[in-house]
Amino acid sequence: MFNKLLTGAVAGVAALGLTFAAQAAEPIKIGTFLAVTGGASFLGDPELKTLQLYIDDINKEGGVLGRPLELIHYDTGGDPQKGQTAVKRLIHQDKVDLIIGGSTSGGTMAVRPLIEKEGLPFISLAGAVVIVDPVQKWTFKTPHTDKMACAKIFEDMNKRDLKKIGLISGTGGFGKSMQGQCLALAPAYGIEVVADETYGPKDSDMTAQLTKIKNTEGVQAVLNADFGQGPAIVTKNYGQLGMTNLPLYQSHGVASKKYIELAGAAAEGVRLPAAALIVAEKLAEDDPQKAVVMGYKTRYESATGSDVSTFGGHAYDGLMMALAAIQRAGGTDKEKVRDEIEKTHGFMGTAGVVNMSPEDHMGLDLTAFRMLEIRNGDWTIVD
């Protein structure tokens, strides 16, 4: 039934003990607010498509606990204020049972206080570690954190004996957070940040900042902490300045083919930590994550005609964990569902194996990251 429908995701879903019935009843209302348009649309668009696709599939198989799923969505355009308005409507007007959303870290942090005050299960799809550290009662997240990205990158730099780096970061929510995390973690890995530059979300040329880094004595590599179009511009400028002798690292926030397309030839050799999803077909046959990521990749690409990205995968993981929690809770009682999300253990998602706890509302560790390098316009696993 459901397992046959979602080919490739069988192992992850079946392991959760999800059962579905054909009987119609009061819908389970899932609210979402995503940046489907605007500068962060490369995040929100695949996230929304994923939720729509799988909710439709599940409803065709009878829903959850004999109840259909109803998705209620608002497009924020990447504007945190629109996100706040959307969440207020979802809670007070639409009376949703839980919320899966928040494409950006800034958008998530803008609504978190409201969600915590109202007491509603919330699974964010954004990356900053501050979303779940310190832990908030009602807030969870699916993507790897910026802090994890810094650690994975520094591990790789150590293997390559790169000790002095130039850091260039966006000033938005994610970029600013990752900049702080990398600066704090660097000493523990023997990394010295010898240049620290920033750029705004509307900047269209980062040549000046990169020139300063290039001219900094002793710099051995460059790390760009940001997501969206900014890193593509940084990469192009890096190529134009002839800086390809310095290894360039990006965050998991650019883990989609769109980045490679926008950055062009300058992206050759760029390294970044990412989820296994974007290299699904290149995983070993005995990799325990392969069935899940191949299942999602096949279903998404066949339904949308678009390349898979890690961002849609975050939505898949959030939805499946939420539905498993509702299943275990036996309904949509908010306290019970929240408790069951927190008990998520051994869930194999597109991001990796998730083991949540009262002290950890994300549940991923560094083994969930793969270090990738762009070669010949495609992803290659280097670790």
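## Exercises on strands, helices and one loop

In β9, Leu248 is the bridge partner of Val222. The model is predicted: local features require pLDDT of at least 70 and side-chain atom pairs count only at pLDDT 80 or more, while totals for chains, interfaces and linings use all residues. Residues are numbered from 1 along each chain as its sequence is written, and side-chain values use heavy atoms, with hydrogens and water left out.

**Exercise 1.** Find which strands pair with β8, and state whether β8 is buried or exposed.

Step 1. Helices (H or I, at least four residues) and strands (E, at least two) are DSSP runs numbered from the N terminus. Two strands pair if DSSP finds at least two bridges between them.

Step 2. Strand β6 (residues 164–170) pairs with β8 in the parallel sense over 5 bridges. Ser169 stands opposite Ala225 in β8.

Step 3. Strand β9 (residues 248–250) also runs parallel to β8, joined by 3 bridges. Together β8, helix α9 (residues 229–240) and β9 make a right-handed β-α-β unit; right-handed means that, with the strands pointing away from the viewer, the path from the first strand over the helix to the second runs clockwise.

Step 4. Buried means under 20% relative accessible area, exposed over 50%, and partly exposed in between (1.4 Å probe, protein chains only). Ala221, Leu223 and Ala225 are buried on one side of β8, and Val222 and Asn224 on the other. With 5 of the 5 residues in strand β8 (residues 221–225) buried, the strand is therefore largely enclosed by the rest of the structure.

**Exercise 2.** Describe how α3 and α11 pack.

Step 1. Helix α3 (residues 41–60) and helix α11 (residues 290–304) have axes 11 Å apart, at an angle of about 100°.

Step 2. The two helices α3 and α11 are therefore roughly perpendicular, a term covering 65 to 115 degrees; under 35 counts as roughly parallel, over 145 as roughly antiparallel, and the rest as oblique.

Step 3. On α3 the contact includes Pro46, Leu53 and Tyr54; on α11 it includes Tyr296, Arg299 and Ala303. By class the contact has 6 nonpolar, 3 polar and 3 charged residues.

**Exercise 3.** Locate Gln136 and list its contacts.

Step 1. The loop between β4 (122–124) and β5 (139–141) holds Gln136. Gln136 is partly exposed, with a relative accessible area of 21%.

Step 2. Apart from neighbours within four places in sequence, Gln136 contacts Arg112, Glu116, Ile131 and His361. The C-alpha atoms of Gln136 and Asp360 are separated by 9.7 Å, although the residues are 224 apart along the chain.

Conventions:
Axes fitted to C-alpha atoms, helices over the stretch in contact; angles between N-to-C directions. Contact = heavy atoms within 4.5 Å. Nonpolar A, V, L, I, M, F, W, Y, C, P; charged D, E, K, R; others polar.
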